[in-house]
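Hi,

My notes on it follow below.

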Amino acid sequence: MSSAHIALLGAIAGFTIYLGLPLGRLRTPTPRLKAGLNAVAIGILTFLVWDVLTHAWDPIDTALGKHDWETVATGGGTLAVGLTIGLAGLVHYDSWLARRRAATAQSTDPGAVTTELPRKNRSQAGSLALMIATGIGLHNFAEGLAIGNSAAQGELSLAVLLIIGFGLHNATEGFGIVAPLAAEGERPSWLTLLGLGLIGGGPTFLGTIVGQHLVNDTLSIAFLGLAAGSILYVVIELLAVARRSGQKTLTTWCILVGLLLGFATDAVVTAAGA
């Protein structure tokens, strides 16, 4: 598989985010549809966390067998740092977003005194959607790096699986971006959805290109660690959404479907010798 094909598939993985964005123009999306898509994404991403970490740990495990303690220390430390940045970085971004949201609510309090009358016309829901798209774009760049680096290392099976998994994942992220607009009853224009999709999904394509030209075990571990941390963060968030949906039976079955899809995809790709 050529570099151009990998880059194209990386672009497809990123821009599947557009599958979810149009839901922002619906007044009342079906609760069961949202809960089902959310749960399938949880299952697929849970499988991906395991698969990505397995590939990240493999060179460290090999070094342990050879008693190559320098490689063990370098690889283990890199994996720990990558996981920390991927997971804790998004946690801190979410906390910052929550503080911004609280500050926005306070500034729009009818009892609050303000002299910034021109700013009253700015859509707060639109600003929030933009911040969410930016945060998603940051972790999608790390996912793209993992795709590109896996392909460059000859791990085409993992690269293709990452493309499929991230593509399905990004399809569900689209609604997450436009959720604030839907909650406020604001229907974004198609041009607005185009821009939000570029911010949230475009970095997957950019990361895929960059990752193909940076090849060594340490960088591979770092990229996979970043991806695993960011995926784990999304899983935690989606589990919270699943609990709030109240669709326990549907959620359970759809998570199982997602897990089985992950294993089935891996089996098919491996059997095909990709």
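What pLDDT does the protein average, and what share of the residues score at least 70? This is a predicted model, and its average pLDDT is 77, with 81% of the residues at 70 or above. Please take care with residues 112-122, where pLDDT stays under 50 and the model has 6 contacts beyond four places in sequence. Where pLDDT is low, the predicted coordinates should not be read in detail.

Now for two helix pairs.

Start with helix α2 (residues 31-65) and helix α7 (residues 217-245), whose axes come within 8 Å and cross at roughly 155°. That angle is over 145°, so α2 is roughly antiparallel to α7. Their contact has 22 nonpolar residues, 4 polar ones and no charged ones. The crossing of α2 past α7 is left-handed.

While you are there, follow α7 along its length: its 29 residues reach 41 Å from first C-alpha to last, close to the expected 42 Å. After α7 comes G246, which has a positive phi near 75°.

The other pair is helix α1 (residues 3-15) with α6, packed at about 155° with axes 8 Å apart. These two helices are therefore roughly antiparallel as well, but α1 passes α6 in a right-handed crossing. Residues that meet here include G10 and G14 from α1, and G197 and G201 from α6. By class, this contact has 8 nonpolar, 9 polar and no charged residues.

Enjoy exploring!

Definitions and conventions: Residues are numbered from 1 along each chain as its sequence is written. This is a predicted model: local features need pLDDT of at least 70, side-chain atom pairs count only at pLDDT 80 or more; totals for chains, interfaces and linings use all residues. Side-chain values use heavy atoms; hydrogens and water are left out. Axes are lines fitted to C-alpha atoms, for helices over the stretch in contact, and angles run from 0 to 180 degrees between N-to-C directions. Helices (H or I, at least four residues) and strands (E, at least two) are DSSP runs, numbered from the N terminus. Angles under 35 degrees count as roughly parallel, over 145 as roughly antiparallel, 65 to 115 as roughly perpendicular and the rest as oblique. A crossing is left-handed if the near helix is turned anticlockwise from the far one by less than a right angle, and right-handed if clockwise. Ala, Val, Leu, Ile, Met, Phe, Trp, Tyr, Cys and Pro count as nonpolar, Asp, Glu, Lys and Arg as charged, and the others, Gly among them, as polar. pLDDT is the predictor's confidence in each residue, from 0 to 100. Contact means heavy atoms within 4.5 Å. The expected span of a helix is 1.5 Å times one less than its number of residues.
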